[in-house]
Amino acid sequence: MTEGMPRESTPVVLVADDQADVREALRLLLKSEGLACVGVPGPGEALEALRRREFACALIDGNYSRDTTSGEEGLELLENLRQQAPDVPVVVMTAWGNVPLTVQAMRRGAADFIEKPWDNARLMGVLRAQIALSESVRKQRRLEAENALLRDSAQDELIAESPAMRRVLAMVERIAPSDANVLVLGENGTGKGVIAQYLHQRSARAAQSLVKVNMGGIAESVFESEMFGHVRGAYTDAKSERIGRFELADGGTLFLDEVGNVPASQQPKLLRVLEDGEFERLGSSHTQHVNVRLVSATNADLHVEVAAGRFRRDLLYRLNTFEVALPSLRDRVEDILPLARAFLARSARRYGRTSLQLAPSAERALRAWRWPGNVRELQHLMERAALLAEHDQVSASALSFGAPQDAGHDLDSMTLEQAEAWLVKRSLERFDGNLQHAADALGITRQSLYRRMEKHALRDVSGDADAD
């Protein structure tokens, strides 16, 4: 049984002591200092409380009813707390002058110690210092994890002059302020990632993180670690803890691109965190809680996937509170030239050619092209034009529509290893990094494809994700 369940916004201290009057005195002291307290009478209850919620700090006695003198129960509890929640600092309370127990506690990972009977000022000073230090460490780890993901926070311009895109934009404007989950549908390259960014920036979560995940690029074997994180020692190569994508997006928005590629075996775990906001890091029994708004995207027909038994119906219902269907670029002709000019201007600034403009012949050619690669194809075409145009006006002859020919792709002159690497890379590019579709096209399993990607160092071949 726990005592004094606090509000979530207040830093909470776990107090473990077998004397009810001690727990009550500590509860009143902490309350007067603006801290909350959950009191438990023994080690078992302390570990159970830690499994149910998060704590800013733990304050534990060295002795309990089983053994009131040696401190072994307290030391055992200390080790279990450190193993179950290594981020929570543990302060041990010891009898005055019990130096051996204090030394043992510090050796086993105690953050500090308090002598009984305690001095209120020293007790509060120790607890506040440990809570502040722990919070600083958490923020630093989160910042490092975000930097490691190389999140692109640059805002892409959303151009919507065509009637088709104006309808889409009107809907997005209506649903953006809510916390409702959104499923963005559309062909590859239509700008699903831009819509996700637009939804986030116009929501109440705009000041928090937008974390992007390409579900087609995550192997099933590392899905849990990537999405939920892991603790040190969770598996052979887990040398340190890892913060998962859901934890990074806490308070903000999580964008799951190519969500149709979530493996069937992992879909129940994704469904649980969407329903309850709860998960455990791989290798840990400690349940964590997150508040995340989910935006998903796919070019697949998830209703067909549900009918085929490859995607859970209840998961689809959780993802598509609202559906936003993006038109292809060929269905929004009025946007082609404004987009082309915006992309050309961006690339021209990057390459120091700010006077570049589209010639009338180029504009006619751009409007006439069918754009099988949609907005992403147009973006790449304008970047090549900014690099290769010989004059300040980009003419139709300077535009290289279609895939460039590569004389090096002559299979007759390749070794078996070179041919395999080229075929894998070609398939991944063809399906924009979608592992399942690329594997199906090659006639191999997804795991076999992933092994070949690692063999040929092809883990980052999905290209620019700006227009996903």
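Are Phe-228 and Phe-279 buried or exposed? In this predicted model, both Phe-228 and Phe-279 are buried. A search of the whole structure returns 3 aromatic pairs, among them an edge-to-face pair formed by Phe-223 and Phe-228, with 6.4 Å from centre to centre and 80 degrees between the planes. Phe-223 is buried, as is Phe-228. Phe-228 also forms a stacked pair with Phe-279, at 5.7 Å centre to centre and with 25 degrees between the planes; this pair links distant parts of the chain, since Phe-228 belongs to helix H8 and Phe-279 to strand S9 (residues 278–280), 51 residues apart. Together, Phe-223, Phe-228, Phe-246 and Phe-279 make up one aromatic cluster.

The largest nonpolar core comprises 30 residues, and Met-227, Phe-246, Leu-254 and Leu-256 have the most contacts inside it. At least two residues of this core are supplied by each of several elements, including strand S7 (210–214), helix H8 (223–228), strand S8 (253–257) and helix H10 (267–276), with H10 providing the largest share, 4 residues. When neighbours within four places in sequence are left aside, Leu-256 is in contact with Val-213, Met-215, Met-227, Leu-270, Leu-294, Val-295, Ser-296 and Ala-297. Apart from this core lies another, of 25 residues, which includes Ala-16, Phe-55, Leu-75 and Ala-110.

Phe-55 has Arg-53 over its face, at 5.5 Å from the ring centre, and Arg-122 lies over the face of Phe-113, at 5.6 Å from the ring centre. Ser-448 is located in helix H18 (residues 446–455) and is buried, with a relative accessible area of 14%, while its side chain makes a polar contact with the side chain of Arg-451 (3.1 Å).

Technical notes: Residues numbered from 1 in each chain as written. Predicted model: local features only at pLDDT ≥ 70, side-chain atom pairs only at ≥ 80, totals over all residues. Heavy atoms only, no water. Core = buried A, V, L, I, M, F, W, Y, C linked by side-chain atoms within 4.5 Å. Buried < 20%, exposed > 50% of the residue type's maximum accessible area, 1.4 Å probe, protein only. Contact = heavy atoms within 4.5 Å. Polar contact = N/O pair within 3.5 Å; in protein donor to acceptor, adjacent residues only side chain to side chain. Phe/Tyr/Trp six-rings, centres within 6.5 Å; stacked < 30°, edge-to-face > 60°. Lys NZ or Arg CZ within 6 Å of the ring centre and 35° of its normal.
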